Amino acid sequence: MNIAEYIASGKLEECALGHGNAQERAAVEAMLASHPELRGELGEIEESLFQYAQANAVQPSAGLKGRVMAAITEEKKETPVVALNAQRSSRKTNWLAAASIVLLLGSLAGNFMLYDKYQNSNAKVLALESEKTFLATDLGVERAKYSESSNMLSMINSPDTRRVELKGLPLSPESKAMIFWNKESADVYMSVASLPAAPEGMEYQLWAIVEGAPVDAGMIDLSAADNMLRKMKSFESAQAFAVTLEVKGGSSSPTMEKMYVMGAVPS
Amino acid sequence: MHLWNFTLTIFRPSKALMASRTSYTEEQLVSTLQSGRADQFGILYDSFSGALLGVIMKVVDNRDVAEDVLQESFVKIWQKRDTYDASKGRLFTWMLNICRNSAIDAARSKHVKVASKIRNIDDNVTSVNRKTSVSQNEDAIGVATIVDSLLPEQKVIMDLIYFNGFTQEEVSKELNIPLGTVKTRTRSALTKLRETFKQGIV
């Protein structure tokens with residue numbers, strides 16, 4: 001097909017009118033590329049079409065140009081580059097925000113767990129401390145008891161200690177008591193093996209017989225008698241010991257008819 | 001009337017034809033578009049708004065709607081300015097396609113009656129003449145000659161194809177004319193337009 005035939009085919013006119021499918025348009029473009037003289041021909045067709053449009057022109061209202069220019073200027077402000085950047089940075093911000101929230105939640109959960117553990121540990125420490133204090137007190141008590149017991153034991157085993165057995169008298173033949181008396185230290189300890197419970201308002205009282213006369217050696221509190229040995233008043237010399245039942249608080253002289261046990265110090 | 005216009009065209013050739021775009025060449029207009037300078041866009045508006053509104057008004061028969069479409073189309077032209085490829089055709093052809101598509105969309109969405117589609121030949125001819133006489137100033141008397149240079153049946157086909165974007169097949173169905181006849185008339189109309197145009201610039 002030569003140029004004249006191609007021009008006569010009407011393909012250029014169809015192209016100028018925007019007709020034909022993509023394939024046909026591509027074919028025309030290929031022809032235009034290889035035959036530059038066709039371009040002038042197409043330009044002429046387009047120019048005549050433009051003139052035809054001009055001949056049908058309708059002048060727009062006076063205000064329309066201003067509106068169009070305002071719309072263009074408005075459009076210009078939002079340049080695509082800025083829009084893209086804004087979008088990208090906002091996407092980045094979104095990521096950062098999401099990451100921050102995740103980290104914050106993680107941190108909160110971590111803190112909560114740690115705080116919980118801390119509370120537990122704190123409670124344990126307090127419990128241990130109070131237990132330790134309790135044990136220390138206990139230990140002090142036990143030590144004191146041990147010290148007392150070992151003192152008593154060493155006192156009892158001392159060669160200077162005399163054992164005085166107090167035997168039941170006719171009022172209460174079953175009753176028994178024991179006195180440990182150290183002549184060196186003058187300490188007197190008493191152990192009650194068996195005595196009837198003291199009636200209300202009454203109390204047992206120990207007496208030391210010194211030079212034939214009874215001397216008050218202390219009250220015997222049976223209710224608190226968990227210790228084997230009770231420390232009584234000290235005596236440097238005594239010939240015998242005896243227990244009588246007296247009014248609570250004790251008497252200045254023994255009630256002889258209420259004597260339960262008695263024993264003489266062996267010489 | 002016809003003869004009078006024709007005579008005027010011969011004696012006052014290209015002045016009127018080129019009146020609306022005397023100061024700018026195609027290249028200048030293209031570089032104005034591609035410069036991306038909003039303040040220069042008025043040049044394109046001044047050069048093409050009348051012709052484009054004429055096209056739009058062939059599709060939407062309501063002036064307010066048509067002006068809205070024109071404004072919207074100029075914004076699209078501005079937005080799509082980087083996609084225009086001068087090697088594929090004239091700037092006006094590209095702009096016209098944008099306007100025509102916008103006008104067809106508007107006509108569909110706004111249920112505006114698509115102008116001229118249901119008109120008979122005589123109506124269409126009067127319509128074109130009326131619009132032309134309304135819109136043209138005395139400088140454009142010669143332009144009217146181009147329209148008048150076409151036979152009425154050529155004009156109808158040109159309007160449907162060029163302004164309304166009909167394919168030749170659609171025109172054939174619309175006007176109930178054989179496709180071959182439509183093609184012949186299109187060709188003859190374009191040839192006639194070119195001849196008239198050439199006479200004008202001689």
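How many salt bridges does the rule find across the interface of chain A and chain B? The rule finds 5 there. The views below come from a predicted model.

**View 1. The interface of chain A and chain B.** Here 39 residues of chain A are in contact with 62 residues of chain B. The two chains bury about 4700 Å² between them. Carbon and sulfur atoms carry 60% of that area. On the chain A side, A:Phe50, A:Tyr52 and A:Val58 lose the most area to chain B. Together these three residues make up 15% of what that side buries.

**View 2. A salt bridge between the chains.** B:Arg194 and A:Glu44 meet through their side chains. The N to O distance is 3.3 Å. Across the interface of the two chains, the rule finds 5 salt bridges. Over all chains, the count comes to 13.

**View 3. Helix α4 of chain A against helix α4 of chain B.** In chain A, α4 covers residues 36-55. In chain B, α4 covers residues 41-59. Their axes come within 8 Å and cross at roughly 75 degrees. The two helices are therefore roughly perpendicular to each other. From α4(A), the residues in the contact are A:Phe50, A:Ala53 and A:Gln54. They meet B:Ser47, B:Phe48, B:Ala51 and B:Val55 in α4(B). By class, this contact has 5 nonpolar residues, 2 polar and no charged.

**View 4. Helices α9 and α10 of chain B.** Helix α9 spans residues 152-163 and helix α10 spans residues 168-175. Their axes come within 10 Å and cross at roughly 130 degrees. That angle makes α9(B) oblique to α10(B). The crossing of α9(B) and α10(B) is right-handed. α9(B) brings B:Val156, B:Ile157, B:Leu160 and B:Ile161 to the contact. α10(B) meets them with B:Gln168, B:Val171 and B:Leu175. The contact of α9(B) with α10(B) has 6 nonpolar residues, 1 polar and no charged.

**View 5. A salt bridge within chain A.** A:Asp187 forms a salt bridge with A:Lys231. Their closest N and O atoms are 3.3 Å apart. The pair links distant parts of the chain, 44 residues apart. A:Asp187 sits in the loop between β2 (176-182) and β3 (188-194) of chain A. A:Lys231 lies in strand β6 (residues 230-232) of chain A.

How values were computed. Residues are numbered from 1 along each chain as its sequence is written. Chains are lettered from A and ligands numbered from 1 in the order in which they are written. This is a predicted model: local features need pLDDT of at least 70, side-chain atom pairs count only at pLDDT 80 or more; totals for chains, interfaces and linings use all residues. Side-chain values use heavy atoms; hydrogens and water are left out. Axes are lines fitted to C-alpha atoms, for helices over the stretch in contact, and angles run from 0 to 180 degrees between N-to-C directions. Helices (H or I, at least four residues) and strands (E, at least two) are DSSP runs, numbered from the N terminus. Angles under 35 degrees count as roughly parallel, over 145 as roughly antiparallel, 65 to 115 as roughly perpendicular and the rest as oblique. A crossing is left-handed if the near helix is turned anticlockwise from the far one by less than a right angle, and right-handed if clockwise. Contact means heavy atoms within 4.5 Å. Ala, Val, Leu, Ile, Met, Phe, Trp, Tyr, Cys and Pro count as nonpolar, Asp, Glu, Lys and Arg as charged, and the others, Gly among them, as polar. Buried area is the accessible area (1.4 Å probe) that two parts lose on being put together, summed over both. A salt bridge is a side-chain nitrogen of Lys or Arg within 4 Å of a carboxyl oxygen of Asp or Glu.
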